[in-house]
Amino acid sequence: MNVSDIIALKNKRKITMLTAYDYPIASLVDKAGIDIILVGDSLANVVLGLESTTQVGMPEMLHHAKAVNRAVKNALLIGDMPYDSYQLAPQESVVNAQRFISEAGCQGVKLEWFDNCLAVTAQITAAGIPVMGHIGLTPQTAQRLGGFKCQGKDAQAARQLINQAEELEKNGCFAIVLECIPDKLAGLITKKIKIPTIGIGAGIHCDGQVLVINDLLGLFERYTPKFVKKYTNLSPLILEAIQNFKNEVVQEKFPGPEHSFTIKEEELKKIEPSI
Ligand code: KIV
């Protein structure tokens, strides 16, 4: 998959996107034929146990993006620009975007909407790096949006989101994530722009859908937004497996002969004749 393949999917079939943060899960996501893998800064919450996505920086994001890249054979790989790499330091944004490409093997980057977003997007795309936009609920600046809640619910806010999407398209974005906005507004935006929209909490009318992989797998228990669908619930299964291990070790049932190695009796006798 490359950026042109993704754009060409608009109005043909729905686009699938998932996050991944490590080699084993990325291998499975890629094997399943998902179109886009995002090394999301949700890494902060679902993997590193931090409160806010603003608490991860370039070192953590690159570390995980490199691991994911080792697994990916078909999907388009996108690195999520952490808050301090472009919102706190817009002058560093092209250099940081380039690091996702040259050091971690990503094919593009994603940035969340912020005041200076259009200038930064234009600079990164001018450097030849594909950019995915992200509007609606933008977790890096959620406090400024009144918290983690649905955006664009009145005409003025909805119009603002339509403008943002149109401006991002003009400034070179190849796709836009629409997070937590009303489904009909997402449908309107999807019709108004030529590049694909990828929804999360934005209803059925988007060109594609994205979820955080740990939410989909039931591997993140701290909170579950309304828009998440758990396709399985791995946490209790993993807990049960760990408890079984613990019990079998304490009860001396593990390891069994099938997990152990042997030595010939005559060899043993050479070191301990009394045995
Ligand atoms: O960081 C992330 O996981 C994201 C997705 C929710 C789109 O930005």
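This is a predicted model: local features need pLDDT of at least 70, side-chain atom pairs count only at pLDDT 80 or more; totals for chains, interfaces and linings use all residues.
User: Which pocket does the ligand take, then?
Analyst: The ligand takes the space of the largest pocket.

User: Which residues surround the ligand?
Analyst: Thr19, Leu38, Gly40, Asp41, Ser42, Asp80, Lys110, His134, Ile200 and Val212 surround it. By class, that shell has three nonpolar, four polar and three charged residues.

User: Which side chains have polar atoms by the ligand's oxygens, and at what distance?
Analyst: Asp41 has a polar side-chain atom 3.0 Å from an oxygen atom of the ligand. For Asp80, a polar side-chain atom lies 3.1 Å from a ligand oxygen. In the side chain of Lys110, an N or O atom is 3.0 Å from an oxygen atom of the ligand.

User: How much of the ligand's area does the protein bury?
Analyst: The protein buries 95% of the 260 Å² that the ligand exposes when taken alone.

User: Back to the largest pocket. How much space lies in it, and which lining residues are closest to its centre?
Analyst: About 780 Å³ of space lies in the largest pocket. It is lined by 41 residues, and those closest to the centre are Pro139, Phe148, Glu179, Pro225 and Phe227.

User: Which elements give two or more residues to that lining?
Analyst: Strand E1 (15-19), helix H3 (43-46) and strand E6 (175-179) do. By class, the lining of the largest pocket has 19 nonpolar, eleven polar and eleven charged residues.

User: And the second largest pocket, how much space there?
Analyst: About 490 Å³ lies in the second largest pocket. Of its 26 lining residues, Leu18, Gln209, Leu211, Leu216 and Tyr231 are the closest to its centre.

User: Which elements contribute there, and how do the residues divide by class?
Analyst: Two or more lining residues come from each of E1, helix H2 (23-31), strand E7 (197-200), strand E8 (208-211) and helix H10 (213-216). The lining of the second largest pocket divides into 18 nonpolar, six polar and two charged residues.

User: Changing topic to the backbone. Which peptide bond is cis, and where does its proline lie?
Analyst: The bond from Phe254 to Pro255 is cis, with omega near 0°. Pro255 lies in the loop between helix H11 (234-250) and helix H12 (265-271).

User: What about phi of Cys180?
Analyst: Phi of Cys180 is near 55°, a positive value in a residue other than glycine. Cys180 is placed in the loop between E6 and helix H9 (183-192).

How values were computed: Residues are numbered from 1 along each chain as its sequence is written. Side-chain values use heavy atoms; hydrogens and water are left out. A residue is near a molecule or strand if one of its heavy atoms lies within 4 Å of it. A polar contact is a pair of N or O atoms within 3.5 Å; within protein, one must be able to donate a hydrogen and the other to accept it, and residues adjacent in sequence count only if both atoms are side-chain atoms. Accessible areas come from the Shrake-Rupley method with a 1.4 Å probe; for residues, only the protein chains shown count as cover. On a 1 Å grid over the protein atoms alone, a cavity is a set of points where a 1.4 Å probe fits but cannot get out, and a pocket is an open set with protein on both sides within 12 Å along at least five of seven lines; lining residues have an atom within 4 Å of a point. A molecule sits in a cavity or pocket if more than half of its atoms lie within 2 Å of its grid points. Ala, Val, Leu, Ile, Met, Phe, Trp, Tyr, Cys and Pro count as nonpolar, Asp, Glu, Lys and Arg as charged, and the others, Gly among them, as polar. Grid points are joined across faces, edges and corners, and a volume is the space filled by probe spheres set on the points. Helices (H or I, at least four residues) and strands (E, at least two) are DSSP runs, numbered from the N terminus.
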